[in-house]
Amino acid sequence: MSTAEKSGLVRERVALPPLGHGPFRRRLHAVALIATLGGLLFGYDTGVINGALEPMKEDLGLTAFTEGVVTSSLLFAAAFGAMIGGRIADALGRRKTIMALAVLFLIGTVTCVFAPGFGVMVLGRVILGLAVGGASTVVPVYLAELAPYEIRGSLAGRNELMIVIGQLAAFIINAIIGNVWGDHDGVWRYMLAVAALPAMCLMAGMMTVPESPRWLISKDRVGEATEVLSTIRSQQRAKAEVDMITEIAEMEKNRVKGSWSSIRDSRWVRRILLVGIGLGVFQQLTGINAIMYYGQSVLKDAGFESKAALIANIAPGVIAVIGSVVALWLAQHMNRRTTLLIGYSLTTMFHFLIGIASVVLPQGNSLRPWILLLLIVLFVGSMQTFLNVATWVLLSEIFPLQIRGLAIGISVFCLWMANAFLGLLFPTIVEAVGITGTFFMFGVIGLFAIAFIYTQAPETRGRTLEEVEDDVTTGAIYTHHLRDKAEA
């Protein structure tokens, strides 16, 4: 049977009843809110270092290099947390894995708050990194597997919204604590301690939510999957979805095994994995997290005083949240590829504009800090509106069920490694080539990202995960991709 015929059969099988409305919709949104507390912690723990680093440097005697180590230790650990978290989620389930991550978040927070020196601080950041990396892999998969395909983009994208809300919360709390209690010894410990509260809420909340029905079906626990779907779908829709997922899962078990061998043996799976890696790495090489981690330092370099930079740093956090809200709407109304192409075009343009403004407006010019702040805010807004949500949603959609945890784990491992090296080297790069050269570098990388998205990224909007899976494992997704490009 040809690829086209197989895909046609899948489309025929997935004629589902309308989604409808009722208490099950409220239950679905409540479950999503609890799970995305993992995203909130992801955002807070990565963003809090932005304001905590300056007072921490004095208390712990950090050098430029050890400052980079403290920042990047979380990021390197997150890479391994993403890989390990994906494998654990495939073996033990999405729900149990997220509960374990909540415990790690709490342990890591306590370790950092009471760290007496550099070594213990790095240990605490490593523990937090394992939790952050695991959450970045497992929470989007959990949301995508719970969501009906009609609203999958906006539901799965809520995790990214919670990440930027967490980062904004970190910036605001840093500004309040830094300006009110800035003269206290160890003020950075107060900033870090706040993360304990959402960690405890995540731990308690995950005890009340169900396991992913798609994971249950992959483990031949069809009865449990039906019970779960019946709490977040109408009865008719739940039965139809279980039948569809079970049929496709059985068919795909013969084509995709839940191990490394499926990546080795299938060129289509290898190709979609490389696409996932590319999506993750290029997202990080925009430099967005360099702004999120070192925003206060960048704004001080632009000309702001230290406390003013701490307050001004809230502006990128606010626009990030606004952009993410808009992105949830776009996820339902604009194709993923189109969204990504617009996003990389805008961020690349703002990279070059920031570099040019740094050259044209010398240090001491009264307009310099405000113009650079405006351009940075526009860059962050473009990133959050068009790139972050779309990237994470696409990563949660494109991999076959049998290896979804493994494949997204590998992709997010590479994403976090790019993030980590950037976090480690950013102060050194800025010291060597200045803000100007750094943003010109990001701009050049952005041109390569545009070419990659145009030639490689598939389209998934408006299709069930099972339709996407069938096309990936047969290679039809690339046929559709070429056809869509030709029509465009």
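This is a predicted model: local features need pLDDT of at least 70, side-chain atom pairs count only at pLDDT 80 or more; totals for chains, interfaces and linings use all residues.
Seven aromatic pairs were counted in the structure. In one of them, the ring centres of Phe80 and Phe413 are 5.3 Å apart and the ring planes stand at 75°, so the pair is classed as edge-to-face, the class for planes over 60 degrees apart. Phe80 belongs to helix H5 (residues 64–92) and Phe413 to helix H21 (residues 404–456), so this pair ties together parts of the chain that are 333 residues apart in sequence.

Another pair is formed by Phe352 and Phe440. Here the ring centres lie 6.0 Å apart and the planes are at 45°, so the arrangement is tilted. This pair also links distant parts of the chain, with Phe352 in helix H19 (residues 336–360) and Phe440 in helix H21, 88 residues apart. Phe352 is partly exposed, with a relative accessible area of 25%, and Phe440 is partly exposed as well, at 28%.

The relative accessible area of Ser73 is 9%, so the residue is buried. Apart from neighbours within four places in sequence, Ser73 is in contact with Val122, Arg125 and Val126.

Helix H18 spans residues 314–333 and has 20 residues. The distance from its first C-alpha to its last is 29 Å, close to the 28 Å expected at 1.5 Å a residue. Its buried residues include Ile314, Pro316, Gly317, Ala320, Val321, Gly323 and Ser324. Ala327, Leu328, Leu330 and Ala331 of H18 are buried too. In an α-helix there are 3.6 residues a turn, so residues three or four places apart point the same way.

Asp220 is located in the loop between helix H11 (213–218) and helix H12 (222–232). Its phi is positive, at about 65°, although Asp220 is not a glycine. Most residues other than glycine have a negative phi.

Technical notes. Residues are numbered from 1 along each chain as its sequence is written. Side-chain values use heavy atoms; hydrogens and water are left out. Rings of Phe, Tyr and Trp (its six-membered ring) pair if their centres lie within 6.5 Å; planes under 30 degrees apart count as stacked, over 60 as edge-to-face and the rest as tilted. Helices (H or I, at least four residues) and strands (E, at least two) are DSSP runs, numbered from the N terminus. Buried means under 20% relative accessible area, exposed over 50%, partly exposed in between (1.4 Å probe, protein chains only). The expected span of a helix is 1.5 Å times one less than its number of residues. Contact means heavy atoms within 4.5 Å.
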